[in-house]
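Look at the fold as a whole before turning to single side chains.

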Amino acid sequence: SVTSGARSAIPDWLAKRKAKSLKHDQEYRSRIELIQEFGFPEASLRLKYTPDRKNIIATGIYKPQMRVFDLHELSLKFERHTDAENVAFDIMTDDWQKTIHLQCDRTIEIHSQFGLHYKTRIPTFGRDIKYHVQTCDAFMAAAGPELYRLNLEQGRFLSPFVTSSPGVSTLSISDAHGLLACGGDDGCVEFWDPLERRRLARLDVAKWLVNEWRPAGFSSAPTFEEFPAITSLQFDPDGLTCGVGVASGHVLLYDLRKPVPVIVKEHPYQMPIKHIGFHPTGHVVSADAKVVRFWNKNSGKLFTSVEPPNDINDVVIPDDSGLLMVANEGVDIQTYYIPELGPAPSWCAFLDNLTEELEENPNGMAIYDDYKFVTRKELARLGLDHLIGTNLLKAYMHGFFVDLRLYQKAKAIADPFEYAEHRKKLIASKVEEERKT
């Protein structure tokens, strides 16, 4: 993690209360702060990377506000307060200057460079918003079967698209062919052509998942604690693959040429999927409220997972880099760097140098004050391998975190004469130095 707020010894509320005394804390002063003030007073809600790759736009609370961060300066560019919390927003230009926001009080706000440009309302509470470049239409999903359309060229609402779902929860537009996908509360996905203004296809994802899907090694149908309503949608940049996330914690990948999913991936927490993304390396990025998982698009094999300290609201990855940014219920927007996933972006290329230094000196890396990182081989040498699977060991990457006191006791038992041998070597080195003089 390269987030300043990830240091477990300094909680957010304590950092605020003891801000003056923390300046004398050497570890706190040597922390990595990738972007200054990269967070919100209470929580971050939504996060997007501008198409020109020069800024990051984020919304959060409290008070409800939008913040724009300049990546070349690695700092906050400006902040703008709003009247209500943000539900979703979309970027209408290549830079940060024109955005459209869906707020929790049913209002639609259009922001330009100077501030709020126009505000209007929709009849029902909104859930998602997407901007269609080819038609200049802004589509709003709401708690009803209608997809509201606001044409920004004509400056008026057009007749809505009426779906067969009782409510529409999420939207996605493909950059390759402009197809619009909408996910409903009834577990169905509908595909619309905004140019012809008609529905092209409808997939009953929930019916297939409940009746036909069988987990590996099981012959009977699984039980679902939550109805698999659609909670997340995302098109692959190739235009042929669509990722569907449901409330039961499943992620389904569909080839648009087939009515059944190519692969089904289940999250262990069985919580609603909040984000689906496609990485250029061939990995799918799926996130629920607790964990972000990276897995292979073709085989479904897990690559890695990241579990932030707070509940997740949104996830963004800049292009083909290994940088991961997580909007969450904490003060700081959590930032993680995974070198095996890709290089660092050009605006923070110094992260590659830091990882090289950590590879050269892995013993000098201290992530937690009261824990020691040990590999599986070292764990067996200390005689603690029987603790794998218990609460005394925390799995992390290629090893485990063990309590520092337990580690010191186990090390003293496994090698009781270590201090005596160290003392002999120290005496021998001093004697050798005296002989030379």
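The protein chain contains 7 helices and 30 strands; helices (H or I, at least four residues) and strands (E, at least two) are DSSP runs, numbered from the N terminus. This is a predicted model, in which local features need pLDDT of at least 70, side-chain atom pairs count only at pLDDT 80 or more, and totals for chains, interfaces and linings use all residues. Residues are numbered from 1 along each chain as its sequence is written, and side-chain values use heavy atoms, with hydrogens and water left out.

The pLDDT, which is the predictor's confidence in each residue from 0 to 100, has a mean of 84 for the protein chain, and 86% of the residues reach 70 or more. Over residues 4-10 pLDDT stays under 50, and the model has 18 contacts there beyond four places in sequence. A contact means heavy atoms within 4.5 Å. Among the contacts in the protein chain with a separation of 6 or more, 42% are between residues 24 or more positions apart.

Of the 437 residues, 48% count as buried. Buried means under 20% relative accessible area, exposed means over 50%, and partly exposed lies in between (1.4 Å probe, protein chains only).

Next come the rings. A pair of aromatic rings is described by the distance of the centres and the angle of the planes. Rings of Phe, Tyr and Trp (its six-membered ring) pair if their centres lie within 6.5 Å; planes under 30 degrees apart count as stacked, over 60 as edge-to-face and the rest as tilted. There are 5 aromatic pairs in the structure. One of them joins Phe 38 and Phe 69 edge-to-face, with 4.9 Å centre to centre and 80 degrees between the planes. This pair links distant parts of the chain, 31 residues apart: Phe 38 is in the loop between helix H2 (26-29) and strand S1 (43-49), and Phe 69 is in strand S3 (residues 65-70).

Phe 139 and Phe 161 form a tilted pair, 5.6 Å centre to centre with 40 degrees between the planes. Phe 139 lies in strand S10 (residues 137-142) and Phe 161 in strand S12 (residues 156-162), so the pair ties together parts 22 residues apart in sequence. Phe 139 is buried at 0% relative accessibility, and Phe 161 is buried with a relative accessible area of 4%. Together with Trp 192, Phe 139 and Phe 161 form one aromatic cluster.

Two polar residues complete the tour. Asp 128, in strand S9 (residues 126-132), counts as buried because its relative accessibility is 9%. A polar atom of its side chain lies 2.9 Å from the backbone nitrogen of Leu 171. Not counting residues up to four places away in sequence, Asp 128 touches several residues, including Phe 139 and Leu 171.

His 250 is in strand S19 (residues 250-255) and is buried, with a relative accessible area of 3%. Its side chain makes a polar contact with the side chain of Ser 248 (2.8 Å). A polar contact is a pair of N or O atoms within 3.5 Å; within protein, one must be able to donate a hydrogen and the other to accept it, and residues adjacent in sequence count only if both atoms are side-chain atoms.
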